[in-house]
Amino acid sequence: MVVAIDMFNFIGHSKVQVSTIIGLLLLVLQNAASIILQHKIQSRSTSENKRFDPLTGILLSELLKLTISLLCIPQTAEKPKSLLTTLKTGHEEAALPALLYTAASFAQSIGASSLDLLPYLALSQTKLILTPLLATVLLNQKLTLQHWTSTLTMTAGIILAQTGANASAENQQHRTTLHTHPLPGVLAMLMSGSSVALGGLFIERSLKRGATTATTTNSFFVRNAQLAAQSLLFALLSFLWKSRCRLSGSTFLEGFTGLVWVFVVLQASGGFLVAWCVRVTSSVTKNFAQGMGFAIAVVGPLMVESKDIDPKLLVGVVLVLGAVVGSALAGQSTRVTNLLEKRQVKGVV
């Protein structure tokens, strides 16, 4: 029996099921835990002079996703097929999103090294604006004025929270410096935001299209296996190019600790959660869930450690939470309006 909730209506989903709510909440918690853990890993790597290459984390998390998906595909298939034949069907749809995400990571590293803090934080949120904009063009999704207002509000809230969190830090080891040539960084961040938005929308279209041609569970793991395999290939090529085509165990696992392995598992689980939430709702709704996770990750540790919290951080968190609630309520009002219009049409007929 499927249990549905009429209270909320997210973008891309007309009636919210309990499983959808649970999936979005898990994505919120996963995103918050990943951000907190990533910050701790970077801080520890800096203090202990043990450099951790995030690209190795991507490689291992994609390998874990691929392994889990390959193990689940035979268990969820209605008709036994060759695993290779199953993976080859529609595999080209995974190539473009994987390439886009790899390009986004590369471009973001250029932006981080070329821009000061505030421009970098502002431009890193371009994906939040571009995702709904491109969704209306590529996926024909209809967004109301309240949805756009919630998106802009969440973007502003995230930027405020990020700058406020930076101001609340007790030890500012990395201070902003003036860059005389910011144009390459600006272009790189715009490219990164565009790539992330496009990649998410292509994944959404692929997952939803696959759900109509095969069993839901089987198509879900097939698409994830294809995406993980393609991402693993591009990440491996990037790593080899970055390390001058040399691969050794000492350099590959440099800086790895127990926290890093936990982070890898979190990233792999996040890949499945993102894919599930995108398939049952939309990339726009996924952005709101991740934004809420970010708000928890920023304000949570400061409250636990009883540190002074910058007012900009609190305002930013309130804006993010308000945007998430506003988006859900906007979907509900849209559904009610559609029902009233249908009833009026029936009454006229």
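**A tour of the predicted model**

Start with the record. UniProt, in an unreviewed entry, places the feature "transmembrane region" at residues 16-37, 183-203, 223-241, 253-276, 288-304 and 313-331. Keep in mind that the model on screen is predicted.

Select residues 183-203. This span is 100% helix and 0% strand. Its end C-alpha atoms are 30 Å apart. Now go to residues 288-304. Here too the chain is 100% helix and 0% strand, and 24 Å separates the end C-alpha atoms.

Next, pick helix α1, residues 18-48, and find Leu 29 in it. Is Leu 29 buried or exposed? Leu 29 is exposed, because its relative accessible area is 53%, over the 50% cut-off.

Move on to helix α2, residues 54-76. It has 23 residues. From first C-alpha to last it reaches 33 Å, close to the 33 Å expected at 1.5 Å a residue. Colour its buried residues, including Leu 55, Gly 57, Leu 60, Glu 62, Lys 65 and Ser 69. Leu 59, Leu 66 and Ile 73 are buried in α2 as well.

Leu 59, Leu 66 and Ile 73 are among the residues with the most contacts inside the largest nonpolar core, along with Phe 220, Phe 221 and Ala 225. The core has 19 residues. Show α2, α8 (183-211), α9 (216-242) and α11 (258-280) together: these elements each give two or more residues to the core. Which element gives the most? That is α9, with nine residues.

Terms used. Residues numbered from 1 in each chain as written. Predicted model: local features only at pLDDT ≥ 70, side-chain atom pairs only at ≥ 80, totals over all residues. Heavy atoms only, no water. Helix = DSSP H or I, 4+ residues; strand = E, 2+ residues; numbered from the N terminus. Buried < 20%, exposed > 50% of the residue type's maximum accessible area, 1.4 Å probe, protein only. Expected span 1.5 Å × (residues − 1). UniProt positions renumbered as here; feature names shortened; annotations may be inferred. Core = buried A, V, L, I, M, F, W, Y, C linked by side-chain atoms within 4.5 Å.
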